[in-house]
Amino acid sequence: GTSRSGAKIVGALILGVSRTVAAEFTFVLAIPVMFGASGIKLLKFIKVGGGFTGMEAAMLIVGCLVAFVVSIIAIKFLMGYIKKNDFKPFGYYRIVLGILVLGYFLFLG
């Protein structure tokens with residue numbers, strides 16, 4: 001299957017949007033989805049688990065901050081890559097991986 005972000009990028013490219021704008025749009029669209037999913041998980045945990053201890057809250061905050069910093073670094077790297085290169089390596093990767101998965105299930109699965 002194709003990822004949601006891949007589908008959005010391909011759709012934008014078909015409509016004539018530049019690679020950079022298509023990728024930026026995809027990253028921006030992911031923000032509310034991630035906040036919503038995280039919020040739902042947090043609310044479920046509080047409801048079922050009864051809340052956090054001080055140490056658990058501190059670990060959650062540190063984890064969120066580290067994840068945020070790493071995601072910013074990854075996005076900056078990917079945006080720099082996309083500005084200079086096209087999506088062909090990703091396409092080749094998907095084709096090779098698809099062939100390997102099909103081969104696995106046809107012959108070994």
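Q: Which residue takes a positive phi just after helix 1?
A: That's G16, with a phi of about 95°. A helix here is a DSSP run of H or I with at least four residues, numbered from the N terminus. Before we go on: this is a predicted model, where local features need pLDDT of at least 70, side-chain atom pairs count only at pLDDT 80 or more, and totals for chains, interfaces and linings use all residues. Residues are numbered from 1 along each chain as its sequence is written, and side-chain values use heavy atoms, with hydrogens and water left out.

Q: Okay, back to helix 1: which residues are buried there?
A: Buried means under 20% relative accessible area, exposed means over 50%, and partly exposed is in between (1.4 Å probe, protein chains only). In helix 1, residues 4-14, the buried ones are G6, I9 and A12. They cover an arc of only 130° around the axis, so they sit on the same side of helix 1. That arc is taken from the directions that run from the helix axis to the C-beta atoms. Over on the other side of helix 1, R4 and I14 are exposed.

Q: What do the buried residues of helix 1 pack against?
A: They pack against helix 2, residues 19-49. Contact means heavy atoms within 4.5 Å.

Q: Where is A37, and how far is A37 from V17 in space?
A: You'll find A37 in helix 2. From C-alpha to C-alpha, A37 and V17 are 28 Å apart in space, and they are 20 residues apart in sequence. A37 counts as partly exposed because its relative accessibility is 43%.

Q: And where does V69 belong?
A: V69 is in helix 3, residues 54-84. Its relative accessible area is 47%, so V69 is partly exposed. V69 and G11 are 58 residues apart in sequence and 29 Å apart in space, again C-alpha to C-alpha.

Q: How many salt bridges does the structure hold?
A: Here's the idea: side chains of opposite charge can pair when their charged atoms come close. The cut-off is a side-chain nitrogen of Lys or Arg within 4 Å of a carboxyl oxygen of Asp or Glu. This structure holds 1 salt bridge. K88 forms it with D86, and the closest N and O atoms are 3.9 Å apart. D86 counts as partly exposed, because its relative accessibility is 30%.

Q: How many aromatic pairs does a search of the whole structure find?
A: We describe a pair of aromatic rings by the distance of the centres and the angle of the planes. Rings of Phe, Tyr and Trp (its six-membered ring) pair if their centres lie within 6.5 Å; planes under 30 degrees apart are stacked, over 60 edge-to-face, and the rest tilted. The search finds 4 pairs. One of them is Y81 with F90, edge-to-face at 6.0 Å centre to centre and 80° between the planes. Y104 and F105 make another edge-to-face pair, 5.1 Å centre to centre with 80° between the planes. Ring pairs also link Y81, F87 and F90 into a cluster.

Q: Which residues make the nonpolar surface patch?
A: Patch residues have over 30% relative accessible area and no salt bridge; like charges are joined within 9 Å, and nonpolar side chains (Val, Leu, Ile, Met, Phe, Trp, Tyr) within 5 Å. Y93, L97, V101, L102, Y104, F105, L106, F107 and L108 make this one, about 1,100 Å². L97 sits in helix 4, residues 88-107, and is partly exposed because its relative accessible area is 36%.

Technical notes:
Accessible areas come from the Shrake-Rupley method with a 1.4 Å probe; for residues, only the protein chains shown count as cover. Helices (H or I, at least four residues) and strands (E, at least two) are DSSP runs, numbered from the N terminus.
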